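Q: I'd like to learn how to read features off a model like this one. Can you show me the structure and take my questions one at a time?

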Amino acid sequence: MKKLILSALCLVPMALMAQTPFTIKGNMKSLKAGDKIYLSYMGAAGRITDSATVNNGSFEFKGTLEGTSPVPGNLFKNINPYVKGANTKFLDYTMLYVEPGNIVVNSADSVASAKASGTAVNNDNQKLAVMLKPFTEKQTALSAQVAKLTPEERKDQAVMAPFMEGYQKIAKEMSPIYLAFAKQNPKSYISLTTLSQFASNAEYANEAEAIFNSLSEDLKASKTGKNLAMSFAAAKKTAIGVMAMDFTQNDKDGKPVKLSDFKGKYVLIDFWASWCGPCRDENPNLVAAYHKFKDKNFTVLGVSFDGGTTKTTKEAWLKAVADDKLDWTQVTDLNGWQNEVGQLYGIRSIPANFLVDPTGKIVGKGLRGEELHTTLAKLLGDKTK
């Protein structure tokens with residue numbers, strides 16, 4: 001196996017951390033001899049990519065982690081998506097948690113349908129997957145319908161609106177399942193990951209925080225637990241009705257831009273990135289909203305999560321801005337997930353947004369699809385009338 005550590009950071013601190021071994025053994029009879037499986041996950045020094053050659057439907061990875069905390073990872077068939085120029089349109093891949101111990105990955109057919117087990121976190125993840133199966137099957141069916149649309153149809157807001165509403169409806173149906181799992185499994189790391197998606201959700205944040213407070217002390221004291229506690233705290237500072245926290249970040253020319261520069265207008269603070277597929281999918285809807293309401297005291301302020309450990313560049317960010325025709329002010333510090341504004345606002349996933357009124361008060365958050373247009377029309381009046 002050939003291992004690549006994609007980072008130029010100093011390795012000295014790593015030597016001081018406990019090294020814990022892990023093994024991943026895969027058994028997928030559909031794989032052919034000579035096929036390659038790529039394992040990718042984030043280590044302390046950056047992204048780690050490892051490869052294994054398939055023999056008789058089996059493959060194996062051995063490695064070490066810095067510390068004992070699990071980290072999300074992916075297995076890809078025959079394509080390393082982190083190589084420049086890789087064709088990632090039809091990836092066959094699955095997600096798992098890389099953690100100390102012996103992880104087993106089995107599938108009767110594709111890598112995408114593989115199930116990881118054998119370790120506590122992966123076992124709990126499969127337990128949650130079973131609970132969510134009726135809803136993920138609905139998502140799969142909906143995605144299959146979207147896949148049949150032409151590229152032009154996917155750019156058409158009217159065509160995509162019912163699908164976006166469908167995804168949102170399914171997500172809402174899944175929320176009680178996530179919360180129930182976390183409540184029933186106070187010692188599971190998966191409970192932390194499920195609760196993290198509700199930290200900035202106005203409807204569920206209070207319930208999610210109460211469940212978080214009932215989790216084991218070990219979980220709450222973990223790095224992930226501490227970050228989640230900060231997210232709940234940040235969510236309270238970004239609740240609807242609260243004055244938006246001012247910030248300054250540079251635009252593409254290095255010019256400082258303040259949120260308060262836009263006082264007197266409705267401003268949608270949009271957190272996104274060039275590498276974020278769901279963000280890019282939502283951009284046409286955002287562009288349509290911008291052009292529909294920009295003459296009615298409305299604008300957008302984009303905050304990009306490019307750079308940092310995402311390995312994307314300023315050029316990639318600016319190309320995405322141009323390709324998606326994002327004709328509004330864009331800022332970034334090119335620190336990826338460590339973007340200073342993202343940290344201030346407690347952003348754990350993107351796309352994410354906050355709608356700020358002319359006084360600087362937050363009047364909406366997480367507005368996507370038709371909901372964005374409806375909210376703006378209610379506040380500003382429908383330009384088409």
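Q: Is Cys276 buried or exposed?
A: Before the answer, some ground rules: this is a predicted model, where local features need pLDDT of at least 70, side-chain atom pairs count only at pLDDT 80 or more, and totals for chains, interfaces and linings use all residues. Residues are numbered from 1 along each chain as its sequence is written, and side-chain values use heavy atoms, with hydrogens and water left out. As for the cut-offs, buried means under 20% relative accessible area, exposed means over 50%, and partly exposed is in between (1.4 Å probe, protein chains only). Cys276 has a relative accessible area of 4%, so it counts as buried.

Q: Which residue does a disulfide join to Cys276?
A: In general, a disulfide is a covalent bond between the sulfur atoms of two cysteines. The cut-off here is a pair of cysteine sulfur atoms within 2.5 Å. Cys276 is joined to Cys279, with an S to S distance of 2.3 Å. That rule gives a count of one disulfide. Cys279 is buried too, at 2% relative accessible area.

Q: Why is the disulfide of Cys276 and Cys279 called right-handed?
A: Look at the torsion about the S-S bond: for Cys276 and Cys279 it is about 75 degrees, so the disulfide is right-handed.

Q: How many salt bridges does the rule count?
A: The general idea is that side chains of opposite charge can pair when their charged atoms come close. The rule asks for a side-chain nitrogen of Lys or Arg within 4 Å of a carboxyl oxygen of Asp or Glu. The count comes to nine salt bridges. One of them pairs Glu60 with Lys62 at 3.9 Å, N to O. Glu60 is partly exposed, with 33% relative accessible area, while Lys62 is exposed, with 54%.

Q: Which residue forms a salt bridge with Glu203, and how far apart are the closest N and O atoms?
A: That's Lys172, with the closest N and O atoms 2.6 Å apart. This pair links distant parts of the chain, 31 residues apart: Glu203 sits in the loop between helix H5 (189-196) and helix H6 (205-213), and Lys172 in helix H4 (residues 157-184). Helices (H or I, at least four residues) and strands (E, at least two) are DSSP runs, numbered from the N terminus. Glu203 is exposed at 52% relative accessible area, and Lys172 is partly exposed at 45%.

Q: What separates Lys220 and Glu217 in helix H7?
A: They are three residues apart in helix H7 (residues 217-221), so about one helical turn lies between them. Lys220 and Glu217 also form a salt bridge, with their closest N and O atoms 3.1 Å apart. Elsewhere, salt bridges that share partners join Lys138, Lys169 and Glu173 into one network.

Q: In what order do the four strands of the open sheet come?
A: Strands of a sheet pair through backbone hydrogen bonds, either parallel or antiparallel. Here two strands pair if DSSP finds at least two bridges between them. The order is S5-S2-S8-S9, with mixed pairing. Strand S5 (58-66) and strand S9 (115-117) stand at the edges with a single partner strand each, so one side of each has no neighbour in the sheet. Strand S2 (residues 19-28) and strand S8 (residues 101-107) are parallel, paired over seven bridges. Met28 has Ser107 in S8 as its bridge partner.

Q: What does strand S3 pair with?
A: S3 runs antiparallel to strand S4 (residues 46-53), joined by eight bridges, and antiparallel to strand S6 (residues 71-77), joined by five bridges. A hairpin of two residues connects S3 to S4. Ser40 has Thr49 as its bridge partner in S4, and Leu39 stands opposite Leu75 in S6. Strand S3 (residues 36-43) is mostly covered, with six of its eight residues buried.

Q: Which residues touch the most other members of the largest nonpolar core?
A: A nonpolar core is a set of buried Ala, Val, Leu, Ile, Met, Phe, Trp, Tyr and Cys residues joined through side-chain atoms within 4.5 Å. In the largest one, with 44 residues, the answer is Phe271, Phe298 and Tyr345. A second, separate core of 30 residues includes Leu132, Leu149, Ile190 and Phe198.
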